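Hello! Here are my notes on the model you sent over, as numbered points you can follow with the structure open beside you.

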Amino acid sequence: DAIIQDRNKWNEADAAISMVDDSTAEMAILMADRGYESYNFMAHIKEKGWKYLIRIKDIDGNGIASRLRLPEESEFDECIDLNMTRKLSNEVKESLLNNPNEYRYAPPNSKFDYLPKHSSYNDKAVFYHLPFRILRFSIPNGTYETVVTNLDADTFPPSEVKKLYDMRW
């Protein structure tokens, strides 16, 4: 698939989301690189019924992995059961602080298509459930890669995820 965008409105991530949404493929494993690291992209793929394997910024970067409580080991496979919301009540703030692997605040200026843009003070918090795994593994040059996926852990243990990652090119 391909999308032609106006030069002044170029956005590769939005184009990828459009291609996912418009695809007629029933099943797919979408593999993407760091430029596609976003909860919104993951949610669109999830809603499509597809699987994904996306390379993300490492644990010391400023991406998804840096905001989660992850194992201190060099390599890990961690299941995250995230509930996203735009509501920032005191109760939600407490949940965010105490359970960063379970709750995430999506500010109104962040793009997330599966939550209302705004909520008023009296509105009940609306959540979007986004389960995924974060894996960190060594690669031959001695460094580490971090990926996020919704592939089943029984069918795709870390060794299989690593093989898929190696096939991306």
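1. Accessible areas here come from the Shrake-Rupley method with a 1.4 Å probe. On that basis the surface of the protein comes to about 10,300 Å², of which 49% belongs to carbon and sulfur atoms. Please keep in mind throughout that this is a predicted model.

2. Let us take the overall build next. The protein has four helices and six strands, and from the N terminus on its elements run α-β-α-β-β-α-β-β-β-α. Its radius of gyration is 17 Å, close to the 15 Å that the globule rule gives for 169 residues, so the protein is as compact as a globular protein of that length. Taken along the principal axes, the box filled by the C-alpha atoms is roughly 50 × 45 × 30 Å.

3. Two further totals may be handy for you. Of the 169 residues, 37% are buried. Among contacts between residues at least 6 apart in sequence, 56% join residues at least 24 apart.

4. In what order do the six strands of the open sheet lie? Reading across, it is E1-E2-E6-E5-E3-E4, with mixed pairing. Strand E1 (29-32) and strand E4 (103-105) stand at the edges with a single partner strand each, so one side of each has no neighbour in the sheet. On average, neighbouring strands are turned by 30 degrees against each other, direction ignored.

5. Now the pairings themselves. E1 and E2 are parallel and share four bridges; in this pair, Ala32 stands opposite Ile54 of E2. E2 is also joined to E6 by four bridges, this time antiparallel, and there Arg55 stands opposite Val147 of E6. Strand E5 (residues 127-138) and strand E6 (residues 144-149) run antiparallel as well, joined by six bridges. Phe137 has Glu145 in E6 as its bridge partner.

6. The helices deserve a look against this sheet. Helix H2 (residues 39-48) lies across E1, strand E2 (51-56), strand E3 (76-85), E4, E5 and E6, at about 105 degrees to E5. Together, E1, H2 and E2 make a right-handed β-α-β unit. Helix H3 (residues 90-98) lies across E3, E4 and E5, and runs at about 120 degrees to E4.

7. E1 has a covered face made up of Leu30 and Ala32, and an uncovered face with Ile29 and Met31. As for E2, five of its six residues are buried, so the strand is largely enclosed by the rest of the structure.

8. Is Thr85 buried or exposed? Its relative accessibility is 1%, and buried means under 20%, so Thr85 counts as buried. Leaving aside neighbours within four places in sequence, Thr85 is in contact with Val92, Arg104, Tyr105, Ala106, Leu115, Ala125, Val126 and Phe127. Of the elements around it, helix H3 covers residues 90-98, strand E4 covers 103-105 and strand E5 covers residues 127-138.

Terms used: Residues numbered from 1 in each chain as written. Predicted model: local features only at pLDDT ≥ 70, side-chain atom pairs only at ≥ 80, totals over all residues. Heavy atoms only, no water. Pairing = 2+ DSSP bridges. Helix = DSSP H or I, 4+ residues; strand = E, 2+ residues; numbered from the N terminus. Axes fitted to C-alpha atoms, helices over the stretch in contact; angles between N-to-C directions. Contact = heavy atoms within 4.5 Å. Buried < 20%, exposed > 50% of the residue type's maximum accessible area, 1.4 Å probe, protein only. Right-handed = clockwise from strand over helix to strand, strands pointing away. Rg over C-alpha atoms; globule rule 2.2 N^0.38 Å.
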